[in-house]
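Keep the picture in view and look for each part as it comes up.

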Amino acid sequence: GEGVGEETSLSGYFTVENSVGGMRVLCRDLFGIEMTEEVGIPSAERWDLDDDEVGPTSSTSDDSASGGGLRKFTFRHVDEGPLGTMYLDLHPRPGKFGHAAHFTIRCGRTRPDGAAAGGRVPGGDDDDGQLPIVALVCNLSPPTPGLGETVLSHSEVETLFHEFGHGLHSMLSRTAFQHLSGTRAAMDFVETPSHLIEAFARDPTFLSSTLARHHATGEPMSSRAARHLSLSHADFRGVEVQSQIVHSKFDQALFGEDPCSPSLGGPTSADTWVRMHRESGVPIAAGTHWHTRFGHLVTYGAGYYGYLFAQTWASDVWRSNLAPLLASSAGGDGPDGGGGRGGAARLREEGTKVWKGMLVHGGARDPKDMIRDVLGREPGVDAFFAEMS
């Protein structure tokens, strides 16, 4: 088959600053939202410092270029006004949470006498409105001393964009009740926005025009290399999906009517785990107990299938509404330009549809109704299976 020769080496094309720049471009081009970094975070807002490091303010200006330290961003739309605040806590440190997740520090909600979900939320604390505050907490590669950049793997960029999708869901949601805001939605829908935004990190146009630039030369990744990187997502995708099905069935078994407990007359969880792998033809190493470290079994509780189910909706929206427009909206001017104006306008239109038809409602509306409004038709699974080929 066709190879990419020397372009198979992707080392150095992905950095924290490239990724944050890509997040800014995504917000601007898709929603018309400006994502602005604030320098000098008050110590009362910081959780990344030891007690002996805390002062009245702690500037992030010195370490933001290398990707170190807590960072703070505000989001604003020209018509909607201020939308909320997002913190990025991206790198490991002693005692820190060890995975990648989105946390809602404060949910957004509308005023009691304000417009329905989708209306503007004023920014003050005395107007009975409430703007969201969210945090993306990750453990990406630490800054490289002397390099001036924090170089990431492509999978780390995908993780960051996935969590950014959750963050945007919380940021752009406008509901009357805060317990229905953002990701406080149906379990089998809540991963849809995160998978949708994650897809940008694999799109060949977005990669070559915006996201992938070599840290040493500033050269963008070639279109050919970006295309091959995008296509590589389908490598062994069928095996991955089959494994996810096994995990989902195991989750259902643990929380189902027939207990996985010998003392209650059922099999052990280990026996059930092995049996489901064998029935599905998914390899398993004998004598291992990987499921004992499967944290989602606790947090999802019979809802892990939603992670895979939501991918079908995200794939449908991505391939129907957004992906076809990225190439036509891209120009030769990279992150700072508008590219093809006709395509850019249509991309903004579809992005606004995603915002106002889906993200804005949080968990306050039936998921299928939201997806139907965004697509303009009934959702299907064809796009999901097309991405596997």
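## Before we start

To compare helices, we use axes: lines fitted to the C-alpha atoms over the stretch in contact, with angles running from 0 to 180 degrees between the N-to-C directions. Please keep in mind that this is a predicted model.

## The chain as a whole

The chain is built with twelve helices and seven strands. It has 389 residues, and 47% of them count as buried.

How do contacts link up the sequence? Take the contacts between residues at least 6 apart in sequence: 71% of these join residues at least 24 apart.

## Helix α1 meets helix α4

Start with helix α1, which covers residues 16–31, and helix α4, which covers residues 204–211; their axes come within 10 Å and cross at roughly 115°. Angles from 65 to 115 degrees count as roughly perpendicular, so α1 is roughly perpendicular to α4. The crossing of these two helices is right-handed.

Which residues make the contact between α1 and α4? On the α1 side they are N18, S19, G22, V25 and L26, and on the α4 side they are F206, T210 and L211. Sorted by class, this contact of α1 with α4 holds four nonpolar and four polar residues, with no charged ones.

## Helix α1 meets helix α2

Helix α1 also packs against α2, at an angle of about 40° and with the two axes 11 Å apart. Because of this angle, α1 and α2 are oblique to each other. Here, too, the crossing is right-handed.

From α1, the residues in this contact are S19, G22, M23, L26, C27 and F31, while α2 brings V157, L160, F161, F164, L168 and L172. What classes do these residues of α1 and α2 fall into? Ten are nonpolar, two are polar and none is charged. If you compare the lists, you can find S19, G22 and L26 of α1 in the contact with α4 and again in the contact with α2.

## Helix α6 meets helix α7

Next, look at helix α6, residues 237–254, and helix α7, residues 269–280. They pack at an angle of about 145°, and their axes are 10 Å apart. The crossing of α6 and α7 is right-handed.

Helix α6 takes part through Q242, V246, H247, K249, F250, A253 and L254, and helix α7 through S269, T272, W273, M276, H277 and S280. In this contact of α6 with α7, six residues are nonpolar, six are polar and one is charged.

I245 is another residue of helix α6. Its relative accessible area is 32%, so I245 is partly exposed. Although I245 and L308 are 63 residues apart along the chain, their C-alpha atoms are separated by 7.8 Å.

L147 sits in the loop between β7, residues 133–137, and α2. With a relative accessible area of 35%, L147 is partly exposed. Its C-alpha atom is 9.0 Å from that of H215, and L147 and H215 are 68 residues apart along the chain.

## A threonine in a loop

Now find T175, in the loop between α2 (154–172) and α3 (192–198). Is T175 buried or exposed? Its relative accessibility is 2%, so T175 counts as buried. The side chain of T175 reaches the backbone oxygen of F177 at 2.9 Å.

## Two residues with positive phi

Most residues other than glycine have a negative phi. F236 is not a glycine, yet its phi is positive, at about 60°. You will find F236 in the loop between α5 (223–231) and α6. Its relative accessible area is 70%, so F236 is exposed.

A302 also has a positive phi, near 75°, and is a residue other than glycine. Look for A302 in the loop between α8 (296–300) and α9 (305–329). A302 is partly exposed, because its relative accessible area is 24%.

Notes: Residues are numbered from 1 along each chain as its sequence is written. This is a predicted model: local features need pLDDT of at least 70, side-chain atom pairs count only at pLDDT 80 or more; totals for chains, interfaces and linings use all residues. Side-chain values use heavy atoms; hydrogens and water are left out. Helices (H or I, at least four residues) and strands (E, at least two) are DSSP runs, numbered from the N terminus. Angles under 35 degrees count as roughly parallel, over 145 as roughly antiparallel, 65 to 115 as roughly perpendicular and the rest as oblique. A crossing is left-handed if the near helix is turned anticlockwise from the far one by less than a right angle, and right-handed if clockwise. Contact means heavy atoms within 4.5 Å. Ala, Val, Leu, Ile, Met, Phe, Trp, Tyr, Cys and Pro count as nonpolar, Asp, Glu, Lys and Arg as charged, and the others, Gly among them, as polar. Buried means under 20% relative accessible area, exposed over 50%, partly exposed in between (1.4 Å probe, protein chains only). A polar contact is a pair of N or O atoms within 3.5 Å; within protein, one must be able to donate a hydrogen and the other to accept it, and residues adjacent in sequence count only if both atoms are side-chain atoms.
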